[in-house]
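This report concerns the fold of a single protein chain. The sequence and the model are shown below.

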Amino acid sequence: MNKQQCSIEPRQSAMVDTATRKALATLQAEFALTGHAMTWCADDDGLITILVSRWVFAREFDSIEQARAFLRQIGGPMNDITEINRVRAALHADDRPARCWGCFQMRAPAPGWLVCSYKPHNPAHPSLVYLVCPKCAKSQKAMRGARRAIETKARSIAEAAR
Ligand SMILES: [Zn+2]
């Protein structure tokens with residue numbers, strides 16, 4: 001099966017059951033959140049081919065499981081949260097202070113800080129990584145505030161770039 005066939009929706013065969021169609025639609029929405037386009041098609045035996053693409057990049061998968069594993073690998077969908085000590089070395093070799101997006105204080109990152117990734121619904125807005133201090137990490141209100149603040153930031157970056 002080739003990529004051209006895959007982009008032709010009407011051929012999506014009657015061999016694919018409703019549950020599979022729903023799973024594929026969910027997967028498609030999740031890929032969209034990461035800025036990837038996903039299409040699929042099925043042959044006469046009901047075998048599925050899934051095509052995921054972004055700009056010139058394209059990959060094919062033979063099953064929903066494979067495509068889902070790839071989605072996990074690229075970090076989708078929405079708002080992954082990791083503890084800072086895992087990625088600390090990549091952020092700072094020293095202890096320069098960082099800004100917490102919950103309370104907007106500058107503090108030295110330490111274990112307990114969270115590294116959050118914001119992936120916008122609007123593909124024109126940038127994905128951003130932001131930090132939350134241990135105190136704010138424990139507060140749902142502060143986490144919501146941080147998310148709102150980073151959303152506003154992403155929007156203003158997108159508007160400045162226009
Ligand atoms: Zn904070």
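The sections below treat the overall fold, the sheet, the helix packing and the nonpolar cores in turn.

**Overall fold**

The coordinates come from a predicted model. The chain contains 6 helices and 8 strands, which follow one another along the sequence in the pattern α-α-β-β-β-α-β-α-β-β-β-β-α-α. Of its 162 residues, 22% count as buried. Among contacts between residues at least 6 apart in sequence, 58% join residues at least 24 apart.

**The three-stranded sheet**

Three strands form an open sheet in the order β1-β2-β3, and their pairing is antiparallel. The edges are β1 (37-42) and β3 (57-61), each of which pairs on one side only. From one strand to the next, the twist averages 15 degrees.

**Packing of α2 and α3**

How do the axes of α2 and α3 cross? The axes of helix α2 (residues 18-33) and α3 come within 11 Å and cross at roughly 20 degrees. Because angles under 35 degrees count as roughly parallel, α2 is described as roughly parallel to α3. The crossing by which α2 passes α3 is left-handed. On the α2 side the contact is made by A23, L24, L27, E30 and F31, and on the α3 side by I64, A67, R68 and L71.

I64 belongs to helix α3 (residues 64-73). Not counting residues up to four places away in sequence, I64 touches A23, L24 and L27. I64 is partly exposed, since 16 other C-beta atoms lie within 10 Å, whereas a buried residue would need 20 or more. A32, in helix α2, likewise counts as partly exposed, with 15 C-beta neighbours inside 10 Å.

| Residue pair | Separation along the chain | C-alpha separation |
|---|---|---|
| I64 and A23 | 41 residues | 7.9 Å |
| A32 and N122 | 90 residues | 9.6 Å |

In soluble globular proteins, nonpolar side chains tend to be buried together. The largest nonpolar core of this model has 17 residues, of which W101, L114, Y130, L131 and V132 touch the most other members. The elements that give two or more residues to this core are β7 (114-118), β8 (128-132), α5 (134-137) and α6 (140-161). The largest share, 4 residues, comes from β7.

Which residues does Y130 contact, leaving aside its neighbours within four places in sequence? The contacts of Y130 are W101, C116, Y118, A146 and I150. A second, separate core comprises 12 residues, including F31, M38, I48 and L51. F31 is also one of the α2 residues that make the contact with α3.

Methods. Residues numbered from 1 in each chain as written. Predicted model: local features only at pLDDT ≥ 70, side-chain atom pairs only at ≥ 80, totals over all residues. Core = buried A, V, L, I, M, F, W, Y, C linked by C-beta atoms within 7 Å. Contact = placed C-beta atoms within 7 Å. Pairing = 2+ DSSP bridges. Axes fitted to C-alpha atoms, helices over the stretch in contact; angles between N-to-C directions. Parallel < 35°, antiparallel > 145°, perpendicular 65-115°, else oblique. Left-handed = near helix turned anticlockwise from the far one by under 90°.
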